[in-house]
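Please read each point with the model in view.

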Amino acid sequence: MEHNPNSSRTDRKLIERNRRNQMKALYSKLNSLIPHHNSRESTSLPDQLGEAANYIKRLQTNLERMKERKDSLLGVERSTNTSRSSGPRSPQIQIQEMGSSLVIGLIAGSNSQFIFNETIRFLHEEGAEIVNASFSVVDDNVFHTIHLTKFLA
């Protein structure tokens, strides 16, 4: 069986051309996902890749900043590593009616004293008479219990 050297060379050229076309299509797709200030200017491929990398880094930074802002609004302190404590991510609130009084159960992380303070402030502003407030700590969770008389409407 004879082997034609021109045939294998042609096959390699075709494979390389297909690879280049595929890479060109992928670069173009990546470039289309990045916002451009001036789309009339054509940028070189290394500049496009650098722009894409910078854009992705900015998105990651913005995402992390938004997560930190969300956690600060919820009163949760983020740890520097990716693992979380076993406590709830968001405060949990339960309200039970007991005759003419209400019992509010608030479960929050040990770093979220803000939630308890805001709950007390809100209840006071709404005219509730707080009869008793207590708490207990288990691991990283704080269990608050607030007994109050019903609001006067």
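1. In helix α3, Arg 121 and Glu 125 are 4 residues apart and are therefore separated by about one helical turn. Helices here are DSSP runs (H or I, at least four residues) and strands are likewise DSSP runs (E, at least two), numbered from the N terminus. Arg 121 and Glu 125 form a salt bridge, with their closest N and O atoms 2.6 Å apart; the term denotes a side-chain nitrogen of Lys or Arg within 4 Å of a carboxyl oxygen of Asp or Glu.

2. This is a predicted model, in which local features need pLDDT of at least 70 and side-chain atom pairs count only at pLDDT 80 or more, while totals for chains, interfaces and linings use all residues. Residues are numbered from 1 along each chain as its sequence is written, and side-chain values use heavy atoms, with hydrogens and water left out.

3. Arg 121 also meets Glu 118 in a salt bridge (2.7 Å, N to O). Glu 125 counts as exposed at 51% relative accessibility, whereas Arg 121 is partly exposed at 38%. Buried means under 20% relative accessible area, exposed over 50%, and partly exposed in between (1.4 Å probe, protein chains only).

4. Which residues make up the largest nonpolar core? Its 9 residues are Leu 102, Ile 104, Leu 106, Ile 115, Phe 116, Leu 123, Ala 128, Ile 146 and Leu 148. At least two residues of this core come from each of β2 (101-109), α3 (113-125) and β4 (141-149). A nonpolar core is a set of buried Ala, Val, Leu, Ile, Met, Phe, Trp, Tyr and Cys residues joined through side-chain atoms within 4.5 Å.
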